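Hi there,

Here is the structure I promised to pass on. My notes follow below it.

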Amino acid sequence: MKHRILGAATALAIAAGVTASLPTETVSTETASAASDINYARALQLSLYFYECQQAGELPDWNRVEWRDDATTEDCINGGWYDAGDHVKFNLPMAYTASMLAWGLYQYPDGVEACGEMTNYVNNLTWALDYFAGCDLGDEVVFQMGNGQEDHTWWGPVELYEYGMGENSPYTRPYYTATTGHSAVLGGMAAALAAGAAALEGRVDDAVIDNYIAHAENIFKFASTDPSNEEYNNSDASGFYRASHFYDELFYAANWLYIATGNEEYLDLAASYIPNLDKELGSSEMKYSWSHCWDDVMQGGMLLYAQNTGDSTYANHVAKHLDYWYNNESKLEGGLCYVGTWGCLRYATTIGFISAVACDTLFQDDAAKLEKYTELYEAQINYSLGDNPAGRSYVVGYDETSPQNPHHRTAHCSWNNALENPTTNRHILYGALVGGPNQDGSYEDDRGNYINNEVATDYNAGFTALLCKMVDKYGGETDPTFPQPEVRTPEFFVEAMAKESSGSGVTLSLKFTNVTAWPARIEDNMSYRYFMDLSEIVAAGQNPTDVVVRCDRDQSAMYSGVTPAQISPITHYKDDIYYIEVTYPDGRATIPISEGRYQCETMLALVFPNYGTGWDSSNDYSFEGLGDAEDNVQTDKIPVYQNGVLIYGTEPDGTTAGDLIPSEPQETTTTTESTTIQPAGLRGDVNSDNAVTIADLVRLARYICQDETIEALTAQETENADITSDDKIDADDITLLSQYLANMVDTL
């Protein structure tokens, strides 16, 4: 499991008002950009992060997304990307996407290197390529993981996928394999591996390159032997990514295999596919009036073939394709090429990439073409980033005009399988390019509109590749503090209501609630405490421990295989304050997957001893706000604990979760005294208060950020701040202190 500690100190520093200026990675810039305020390097940085949001399986250590964790780990092939706002791994669009990321890096590596994104780029590209290599089983090839029809029946975060799809019986995802009859998807996979091998030459070990090429060649054999799409288009994939043809994928793959291997036989094969490529309607002329995309890679193949052969026939075809879009009357105001309504920006940015590469490889000596095609590609990328009549960016998290509610299950992170709940997405899906505007230029940031507001790996494909060109040409600045940690809301709490209250006792509805999102998860050994002032019991000459506790409903007992709730006896806290503790040893009692599962209700009746009168609920600490409630309400006066440690709410003496950060394991009692905390150790005590708390993390972050508003550290504080004992005070100390405060490590 991947632990998330990214940016904890930064978040605390922000909360404390730190505004220290940190160094920014920059590359040299020109001023000729059509939209000088557009930061292409930051856009590239965000776009690569989006692919980390889409990662499937056991996540790598370098994944930076704090709200993601391992998911669908039972898939027979680890890795790859979830396709869009859903959780299927469709290999056809994924392969196209990987090939485009590879092409962008292959064509424009210098800008990626200069802006500091090379490591992130290589990491994300190899993540997909390793998955494709794993899909090659030798005598057959996996071409899809998960069933699209089934997947689309549940709206929730992928970390809880097997529960959302199967409740208490974890759902096992099907997978699909191919030999022949799947030429488009297999050709696309071969192209991705070959393009990746070419792009990564000199950036990864030679053995990795050789492995990619070997798998590309083997998969290509399956694709090109008795080529057809018959079986693929009769599979589950057909309802989502039906392949219109397959010779374009074979043509595209053969060109990339030639580039990766230098083997002339692949160039000959590419030539043999040309007569079978699409033609203009009612004409023998080769198709030029569509766009390079997941289902049609002919235009990209033509550009590669023109480069590989130097044949002006194919260079002229590329020019005809670009002229068609440059002069097209359907372009939106602002210059956006409008190919189709569903995800229009993915087509436009890919036209832009084809245009940019053509300028740099085919028409670099033709001034007239360079002027037109440069205008064409810059208009597509700039429109996407906000240079449009609406002044709106279509990239999530790029600026204040960006979409906030893209159609994406895990970023939305509903706890009750509801598209509309919560109203605003809980996570920022940084870097995701949404579908884009309608043909009249209108757009609404509506999660339910999957035509204009969905995201997908292939939407970002040409966009990312074109950004490689833009940073190569104009430079830009990346943000060294990205990603900033999100502001978190409570993830576990109790919603309560007094069903009945009288002199003989009180009946309570207590709904333990799991709305986890960082990441969505199941946690064992959760509990909560209902605190009561039993001074009236004592005054009546009764023993508080004789209060009758009756459980009228235990929802957790309804679930097969789930350990029921455990209810403590009346337990002393301090003075006349006592509590009842309800514990859920098995986290499956509350799973944020549906309306009926994200809460677990326990109904308790607390009755005056011997069924007398004189009970007074109004003085009970945890009763505040419940007396007049007509429905269950969230209350922080019923604190929540995990493994006996307070994580939410406030106890009667004012102790809050932030106060309970021990340096050693806690010693607790459960009968007569409240939880006690051992004194904190000296290491990590950066503010000399003889305790290690969040305040120390804030002070340490301010010190490292060179915040001049804080007092200088004393000699002892400096020694305490060197948490890693390496004679330096730096980010490693923040990381270890963050882990400690988050209970990820036991001691400092």
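Let me start with a question: is aspartate 206 buried or exposed? Aspartate 206 is exposed, as its relative accessible area is 52% (buried is under 20%, exposed over 50%, and partly exposed in between, with a 1.4 Å probe and protein chains only).

Before the rest, a word on the source: this is a predicted model, where local features need pLDDT of at least 70, side-chain atom pairs count only at pLDDT 80 or more, and totals for chains, interfaces and linings use all residues. Residues are numbered from 1 along each chain as its sequence is written, and side-chain values use heavy atoms, leaving out hydrogens and water.

Aspartate 206 belongs to helix 9, residues 206-224 (helices are DSSP runs of H or I with at least four residues, strands are runs of E with at least two, and both are numbered from the N terminus). Together with Glu201, Asp205 and Asp210, Asp206 makes up a negative surface patch (patch residues have over 30% relative accessible area and no salt bridge, with like charges joined within 9 Å; a salt bridge is a side-chain nitrogen of Lys or Arg within 4 Å of a carboxyl oxygen of Asp or Glu).

An open antiparallel sheet has three of them, ordered 2-3-4 (pairing needs at least two DSSP bridges). Strand 2 (89-90) and strand 4 (175-178) are the edges, each pairing on one side only. Strand 3 (residues 141-145) is joined to strand 4 by four bridges, and valine 141 sits opposite alanine 178 of strand 4.

Lastly, serine 272 lies in helix 12 (residues 264-273) and is partly exposed at 39%.

Best wishes

Key: Patch = residues over 30% accessible without salt bridge, like charges linked within 9 Å, V, L, I, M, F, W, Y side chains within 5 Å. Areas by Shrake-Rupley, 256 points an atom, 1.4 Å probe, with all protein chains shown as cover. Lys, Arg positive; Asp, Glu negative; His and termini not counted. Charge placed at Lys NZ, Arg CZ, Asp CG, Glu CD.
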